[in-house]
Amino acid sequence: MMDNELYQEVLLQHSRRPRNFGPLENPTHAADGHNALCGDEISVALRIENGAVAEAKFSGSACAICTASASMMTGEVKGLTCSAVETLAGNFRQLAKDGAGPDVPVRLQVLGGVHQFPQRVKCAVLPWETLVSALRSPVGTGEICPG
Amino acid sequence: MDITKIRGQFPFLRESVNGHPLIYLDNAASSQKPDRVIRRMSRFLESEYANVHRGIHLLSERATTAYEDARAAFAGLLNAERPEEVIFTRGTTESVNLLANTWGRVNIGTGDTILLTEMEHHSNLLPWLHLAQETGARVDFVPVLENGAALDFEAARCLLAKRPKLFAFVHVPNTLGLENPVRALCGLARESGVTTFVDGAQSVGHQPVDVRDLDCDFLACSAHKMCGPSGIGGLWGRQELLSAMPPWQYGGEMVDRAYFNKPATFRDPPARFEAGTPPILEAAGWAEAIRFLTETGLEDIREHSVELANLAARQLRGIDGLKIFGPDVRQSGIVAFSISGVHAHDVAFFANERGLALRAGHHCAQPLMRKLGSPASSRASFSLYNTRQDVEALVGIVREAVAFFR
């Protein structure tokens, strides 16, 4: 069945029990994203310290692919500098669109399956787009990262 | 109504998905087309096509006849007093924009109120919000009751008594499975001298709709939701109101006399509002769809769709964590639902793999879905070619999806 190719068990586990889900206290950067096609709504909040992601959490209501992607993403970017996050976001988009992207960690490659389902690419990419937009959206008096 | 015979007339039913027969439950988004509409359009292109109202040659005459016959068919469907009261547009959305840009610009000013409801589709929301922003008018909303069970009629009464300039509201909303009491609402509006516009996108062609009986001032709908082609729809309005409206698009066909050095004069409606070459082929197809639906019986079509929706709602309610929006008993063929822990987009994807076409998302009614606490929901909408077996397939697949994702 085709949906088993898309919804691999590891994705379903992330969507049923997402990691890093919920509000983040004292975020330095935050942004909202939404997918007008299907109604996915997601918020990404970050605490950036010394130019690198110290903590990343997400919240909202989204489909299994989007939720799993956000769950894996928030785990993956901890410790990365802002510019490394942007590079990885670009490579991840390529993975989702084409099925392969340079330097994408093996753990994230399970999401490459969406490239066979063009309508679902946006679901996988939305958390990453929201993340990049969060880097550019400082909360309060913070600065855009990378500065 | 002989469903087997009806199904035999819809070629799309011969399609399959992954070896599953195609079940189409996305009728509220757009309906499928019967053979005779497809054949009518093809025959029109083969032997009747030219531009309309322009030539004196044979084909232009045939095309003009078909186009104006379509106007008469549409006017007849609505029981309008005369064909000149209907304007062809691209659909409901363009009809609302036409109204906002013509009647709206003449009649709405700073300090005036436009009354809408909380259950409007974006198409009957955004043109009015834009007009209000540009003119300094205010917009009020008649609220929906808990879970979208009904329009708050008492609130409508109070808000109409404040004499807004316009009450624009939907007849059959595309998510809630209810039908608004149009005649009663128009009656209240009339008592307060409020002009009414009815969004008939989900009602016209799905059930009998009689503009004289409803006593509204304007009504719009789209052909593609009633077995006709996309790209055409219409706006009906009372003749005296249409006659007082200025043009909104300028060009050929709508002009009476044009000059280099003084203002042009414009034709009477409907021509005044049909600048440029209209959707001629689509008009011929729509007229055939109207004949098909009328011959099938609009009351029977409604009864059939509502019966299937009720059957689906009853069975879906048995699924743990599934919530259906709108009244307990369906008043239209629409069933929108959300399932806790399972996102609508996943349900629709899962269903498609099994041949079932569902809609997922906010259904172009973002503020309403937000108020109902569900940014995304799944929607099944039934039409004349759907069956009880389709309902069983729907319920089985939704159960399977819940087991898979939860």
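This is a predicted model: local features need pLDDT of at least 70, side-chain atom pairs count only at pLDDT 80 or more; totals for chains, interfaces and linings use all residues.
Chain A holds an open sheet of three strands in the order S1-S2-S3, and the pairing is antiparallel. Strand S1, residues 29-35, and strand S3, residues 52-61, stand at the edges; each has a single partner strand, so one side of each is left without a neighbour in the sheet. On average, neighbouring strands of this sheet are turned by 20° against each other, direction ignored.

How many bridges join S1(A) to strand S2 of chain A? There are seven, and S2(A) covers residues 40-49. Two of the pairs can be followed on the model. A:His34 has A:Glu41 in S2(A) as its bridge partner, and A:Ala30 has A:Ala45 in S2(A) as its partner. The hairpin of S1(A) and S2(A) has four residues between the strands, and in this hairpin A:Gly39 takes a positive phi near 90°.

On the other pairing, S2(A) and S3(A) run antiparallel over nine bridges.

I now turn to a single residue, A:Ala89. This residue lies in helix H4 of chain A, which comprises residues 82-98. Is A:Ala89 buried or partly exposed? A:Ala89 has 19 C-beta neighbours inside 10 Å and therefore counts as partly exposed, because a residue needs 20 or more to be buried. Leaving aside neighbours within four places in sequence, A:Ala89 is in contact with A:Trp128, A:Leu131 and A:Val132. A:Gly99 is 10 residues away along the chain, and the C-alpha atoms of A:Ala89 and A:Gly99 are separated by 14 Å.

Next comes the contact between the two chains. Chain A gives 14 residues to this contact, and chain B gives 14 residues. On the side of chain A that touches chain B, the elements giving two or more residues are helix H1 (2-6), S2 and helix H5 (118-135) of chain A. By class, that side of chain A has eight nonpolar, two polar and four charged residues.

Let us move to chain B and begin with its strands. Strand S5 of chain B, residues 113-117, has four of its five residues buried, so S5(B) is largely enclosed by the rest of the structure. S5(B) pairs with strand S6 of chain B, residues 138-142, in the parallel sense over five bridges. Within this pairing, the bridge partner of B:Ile114 in S6(B) is B:Val139.

Two helix pairs of chain B remain. In general, two packed helices are described by the angle between their axes and the distance between the axes.

Helix H7 (residues 153-161) and helix H8 (residues 182-191) of chain B have axes that come within 9 Å and cross at roughly 25°. That angle makes H7(B) roughly parallel to H8(B). Their crossing is right-handed. B:Ala156, B:Arg157 and B:Leu160 in H7(B) meet B:Leu185, B:Leu188 and B:Ala189 in H8(B). The residues of this contact divide into five nonpolar, no polar and one charged.

The other pair is H13 and H15. The axes of helix H13 (residues 344-353) and helix H15 (residues 388-405) of chain B come within 10 Å and cross at roughly 120°. H13(B) and H15(B) are therefore oblique to each other. The crossing of H13(B) and H15(B) is right-handed. From H13(B), B:Asp346, B:Val347, B:Phe350 and B:Ala351 meet B:Ile397, B:Val398, B:Ala401, B:Phe404 and B:Phe405 in H15(B). This contact comprises eight nonpolar, no polar and one charged residue.

How many of the 10 residues of H13(B) are buried? Nine are buried, and H13(B) is mostly covered. Among the buried residues are B:Ala344, B:Phe349 and B:Asn352. Just after H13(B), B:Gly355 takes a positive phi of about 90°.

Thank you for your attention.

Methods:
Residues are numbered from 1 along each chain as its sequence is written. Chains are lettered from A and ligands numbered from 1 in the order in which they are written. Two strands pair if DSSP finds at least two bridges between them. Axes are lines fitted to C-alpha atoms, for helices over the stretch in contact, and angles run from 0 to 180 degrees between N-to-C directions. Angles under 35 degrees count as roughly parallel, over 145 as roughly antiparallel, 65 to 115 as roughly perpendicular and the rest as oblique. A crossing is left-handed if the near helix is turned anticlockwise from the far one by less than a right angle, and right-handed if clockwise. Two residues are in contact if their C-beta atoms, placed from the backbone, lie within 7 Å. Ala, Val, Leu, Ile, Met, Phe, Trp, Tyr, Cys and Pro count as nonpolar, Asp, Glu, Lys and Arg as charged, and the others, Gly among them, as polar. A residue is buried if 20 or more other C-beta atoms lie within 10 Å of its own, exposed if 12 or fewer, and partly exposed in between; C-beta atoms are placed from the backbone.
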